[in-house]
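Subject: Structure handover

Hello,

Please find the structure below, with the sequence. My notes on what was found follow it.

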Amino acid sequence: MLNRINNGIGRFNGAATDSILLTFVRVITAVLGLLVTKLLSIHFSLHEYGTYSQAMLIVTTATSISIMGLTNAVNYFYNAAAREEDKERFVSTIFSIQYFVGILCAIIIIAIQIPIITYFKNDDLKNILFLVAWLPLLQNLIPMLQVLFVSIGRAKLIAGRNFVISVARLCIVLIACYVTKSIRTIFIILLLLDIAQVAYFMWAFSRSNFKISVKQFDKSLLKPVLSFSIPMAVYVLTNELARDIDKYVISFFSDTSTLAIYTNAAKLLPFDLITQSFITVLVPIVTRQIASKDYDKAQTTFRAYLRLGYVATWIVAFGVVVNAKEAMLFLYDPKYLPGLSVFIVYLFVDMIKFANTSLILTAKGKSKTLMICSLSALGANFILNIILFKLFGILGPAIATLIITLGLVLVLLGLGGKEIGTGTKNLFDWKEMAIVIVELIIVGAGCYAFKVGLYSVIQSTVLILILTYGMYITIMLLLNKRRIMDCFRTINRMK
């Protein structure tokens, strides 16, 4: 039985407790991820890093197209099926679909190499596109397999796996930077690493006597699976394209080096680590509350998540706004400073992104509504990106992203609130939000003045960043300690 894998789960319970564990692992993996970006930024030229960015952009887009909402389908049909045999048939059918679509996607990428190279105006891509072509299939299979582990209560195992993989990715980059000095090395070893991950997960399930096999593909299950997954697939795809459309616009109108600068400047920093960990734990809780029509509790849960989001995210992110130049030098390299304005705009995107959640609509099964919202956002984003690029250069697409993200946040909050019997205005404590904003402005201004003064006696930007951000975060945490602890206590009481 698959449930045997549950042996050894810890005794500690509570939504906040599990979330804190996930957050701890995510902080470590995020730090390792930033270190990887730092190494690549320092050791490779703008053109080489731009080539890497273009390849990863292709991987991200192809992954989003070929996943077809099948990760959500695995979660839904595995948990909905009553018998073990039915679970195996559904899961095997879903994985068979992914095998077919993923292989087809790889063949298409290989077949259209020349148009891809022409679009990006970069002949160096031809050396890595064959490797890139197979990454989407593997990177779709991994989260599908992870979902099965989460469904049986092994989220902690996944957290540990993510830490190990982050360390492995760091080793890959170290080899590329100091041994081979080649971007191609990264994609060769990434491909091997992803193959090893898929093999490990398959082995783990085979040990539990749960079979995932194309031999169990059931044609009669295609209709229910695709009916569920395709609307979600459109939502996921348009969300990803909306996130990356600015990079495609930059690639079309400029060169590889400019894309390298924009890619790092526009990189979303992991300020949402806390909120993402909490939303992972809260999804099944809210789903149960909505399924039982307990909308009062669903409102309480959603308000608690949003409150934690703006208190925690705003405090951490705004301190980086105050120290934007120093942070960019610390995270990347001086050659990326032309993208400083883009970096600052994306910090504000980070500050509102926590509320860009489909939590309520997903729990209500409103996948078509999500699809319409994301399609509308994608179209508006595409048009606005081009217009603002023509007006402001590479800053334009960043502004477009900020505008569209804010608009989508407001729409999703409004629709989500309506589904649980409330409005957007009732989801927030507006007085508390105003107080936090005033604190951010006053403390931020004081710390900025302190930073300016430090430059007269200290030349190290790293030391200035540590001192200024350290003073800022200490003051803000002291001012908001009670609010943060109250959020943790509220969420931890939820089951």
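I will begin with a loop. Lysine 181 sits in the loop between helix H7 (155-180) and helix H8 (183-207). Its phi is near 55 degrees, which is a positive value in a residue other than glycine. With 55% relative accessibility, lysine 181 counts as exposed, because the cut-off for that word is over 50%.

Lysine 121 is another case to look at. Phi of lysine 121 is near 55 degrees, again a positive value in a residue that is not glycine. Lysine 121 belongs to the loop between helix H5 (113-120) and H6. Its relative accessibility is 47%, so lysine 121 counts as partly exposed.

Please keep in mind that this is a predicted model. The average pLDDT of the chain is 84, and 88% of the residues score at least 70.

Now the chain as a whole. Its secondary structure consists of 19 helices and zero strands. The chain has 495 residues, and 52% of them are buried. Of the contacts between residues at least 6 apart in sequence, 83% join residues at least 24 apart. The accessible surface comes to about 22,100 Å², and carbon and sulfur atoms account for 68% of it.

The largest nonpolar core has 131 residues. The residues with the most contacts inside this core are Phe95, Phe187, Phe302, Leu306, Phe343 and Tyr472. Helix H6 (residues 129-151) supplies the largest share of the core, with 14 residues. There is also a second, separate core of nine residues, among them Tyr235, Leu370, Ala377 and Ile404.

What does phenylalanine 187 touch, if residues up to four places away in sequence are not counted? The neighbours are Tyr52, Ala55, Met56, Ile128, Leu131, Val132 and Leu135.

Glutamate 439 is part of helix H18 (residues 430-454). Is glutamate 439 buried or exposed? Its relative accessible area is 13%, so glutamate 439 is buried. The side chain of glutamate 439 makes a polar contact of 3.0 Å with the side chain of asparagine 480. Leaving out residues up to four places away in sequence, glutamate 439 touches Gly444, Met476, Leu479, Asn480 and Arg483.

Lysine 247 is found in helix H9 (residues 222-253). At 13% relative accessibility, lysine 247 counts as buried, because the limit for buried is under 20%. Beyond four places in sequence, lysine 247 touches Leu57, Leu259, Tyr262 and Thr263.

Last, the cysteines. How many disulfides does the structure hold? The count is zero. Cysteine 105 is buried, with a relative accessible area of 12%. Cysteine 447 is buried as well, with a relative accessible area of 1%.

Regards

Key. Residues numbered from 1 in each chain as written. Predicted model: local features only at pLDDT ≥ 70, side-chain atom pairs only at ≥ 80, totals over all residues. Heavy atoms only, no water. Helix = DSSP H or I, 4+ residues; strand = E, 2+ residues; numbered from the N terminus. Buried < 20%, exposed > 50% of the residue type's maximum accessible area, 1.4 Å probe, protein only. Contact = heavy atoms within 4.5 Å. Areas by Shrake-Rupley, 256 points an atom, 1.4 Å probe, with all protein chains shown as cover. Core = buried A, V, L, I, M, F, W, Y, C linked by side-chain atoms within 4.5 Å. Polar contact = N/O pair within 3.5 Å; in protein donor to acceptor, adjacent residues only side chain to side chain. pLDDT = per-residue confidence, 0-100. Disulfide = S-S within 2.5 Å.
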